[in-house]
Amino acid sequence: MNLLRPTLLTLACLLASPSMADDLPSLGDASSSIVSPEQEHQLGRAWLSILRGEVDQLSDPQLKDYVESSVYALAETSQLQDRRLEFILLNSSQINAFAAPGGIVGVNGGLFLYAQTEAEYAAVLAHELAHVSQRHFARGVEAQQRMQIPLMAAMLAGIVAAAAGAGDAGIAAIASSQAAAIQEQRRFSRQNEQEADRIGLLNLEKAGYDPRAMPSMFERLMRQYRYDAKPPEFLLTHPVTESRIADTRNRAEQQKPGGKEDSLRYQLMRARVQLFYEETPGIAAKRFRAMLDENPKLDAARYGLALAKIKAGQLNEAREALQALLEKAPDEIAYNLAQVDLDITANRLPDAQKRSDRLLAMYPNNYPLKQMRTDLLIKQGQPQQAEKNLNELLQSRPHDPDVWYQVAEVRGLAGNTIGLHQARAEYFALVGDYDQAIEQLDFAKRRANNNFPLASRIDARQKELLDEQRAIKGMLR
Ligand SMILES: [Zn+2]
């Protein structure tokens, strides 16, 4: 995988492009120049597109929405200065999460499986955000609190390697080319972990959570993997030791008690993830049923059961479970979306439509609801309407490849061929496939040749993508 061998000099070329060079003191020896926050942002975005092209992702709108809003909430009380974040949800049942310079936040589906409460989930992310806010990746250079290009490139390459499941081989590949930078990183790593725990813990409390969730999460992970020869990636980079647990436990006890431990919303999202990673919906249904038998008040288990039944095509049982939930909480978005899903599956489109009207009137800016409306419009054979809907969605999610993918689809259905190619270009660029992106704009230009303003807009966008591609290619050489 050539991803793992970034060339740092060419990385510097990306960073030295004229529009970004203003705040650079002097590039000098490019490989040692310091990355400004704006460059860090650009670099992070470029790497994110590469990562997206490499790893399998979860594109569940509810899960995405939950991760985004929960992390933004944590960022708000954190010491993070640049709070422009971009997210990636990795389709892996292993526990992992990372926050990288440039505002990239990655969460594995597995984090939901391991973190039993929202506070535990937040503890992991607060720790990760602290690594970024404390600029740990730049600590190799004493006096400077700024990221250096080789360090950042090596670090991001490491993230791609770990995320793509390359494991030790991937890390070794980086280490050989980036030995110095990596060694520097290791030297500071234990100290960095301690600091991330400490700062993360404070943030956890500020964000309204019970700080004791952090030591509990660590304790459980340690118990679980104590005798495991091959612990998950997260534990390799975050060794959980007795002293670390004792230290966080001590600090947590000193903070004020009474913070939030959990939320129904978190448990609902957790049920979605549990269902996703279960072998069959039948097995999932059995598991949720067993949880309910033990505690009939467990709404998240009932919700999981309903979803599993929809997936298994047992619609009556699904309806029964959902009815109980909706009676209790008629406005809960997750329950209503499940009911819409059920109605669409049962081909009761007018019912689905009625429910979606009511919900969108209540929560007009909710991403999962808008997404559901789009899906419904497609089912109803109204691609033009669906396209209008998606264009609106793009206002709030301009860098979401899932949205662009569907925009291309509905523009195709609506007969908007130029728009289809433009949307495909955006999609391909966001997942790091610039050749395809640029080719799609060639197709679009050819079709737009008698519409001068449009053709020149497409041309301008193509030039931008070519520039981006050149810069990214440089990073990978
Ligand atoms: Zn850490």
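Let's start with Arg 411, which sits in helix H21 (residues 401–413); helices here are DSSP runs of H or I with at least four residues, numbered from the N terminus. This is a predicted model, where local features need pLDDT of at least 70, side-chain atom pairs count only at pLDDT 80 or more, and totals for chains, interfaces and linings use all residues. Residues are numbered from 1 along each chain as its sequence is written, and side-chain values use heavy atoms, leaving out hydrogens and water.

Is Arg 411 buried or exposed? Arg 411 is buried, at 10% relative accessible area, while Asn 347 is exposed. The cut-offs are under 20% for buried, over 50% for exposed and partly exposed in between, with a 1.4 Å probe and protein chains only.

| Residue | Relative accessibility | Class |
|---|---|---|
| Arg 411 | 10% | buried |
| Asn 347 | 59% | exposed |

What does the side chain of Arg 411 make a polar contact with? Its partner is the side chain of Asn 391, at 3.4 Å. Leaving aside residues up to four places away in sequence, Arg 411 also touches others, including Trp 404 and Leu 420; contact means heavy atoms within 4.5 Å.

Now for Asn 347, in the loop between helix H17 (333–345) and helix H18 (349–362). Its phi is near 60°, a positive value in a residue other than glycine. Most residues other than glycine have a negative phi.

Lastly, helix H3 (residues 61–77) has 17 residues, so at 1.5 Å a residue it should span 24 Å. The expected span is 1.5 Å times one less than the number of residues. The end C-alpha atoms are 25 Å apart, which agrees.

Methods: Helices (H or I, at least four residues) and strands (E, at least two) are DSSP runs, numbered from the N terminus. A polar contact is a pair of N or O atoms within 3.5 Å; within protein, one must be able to donate a hydrogen and the other to accept it, and residues adjacent in sequence count only if both atoms are side-chain atoms.
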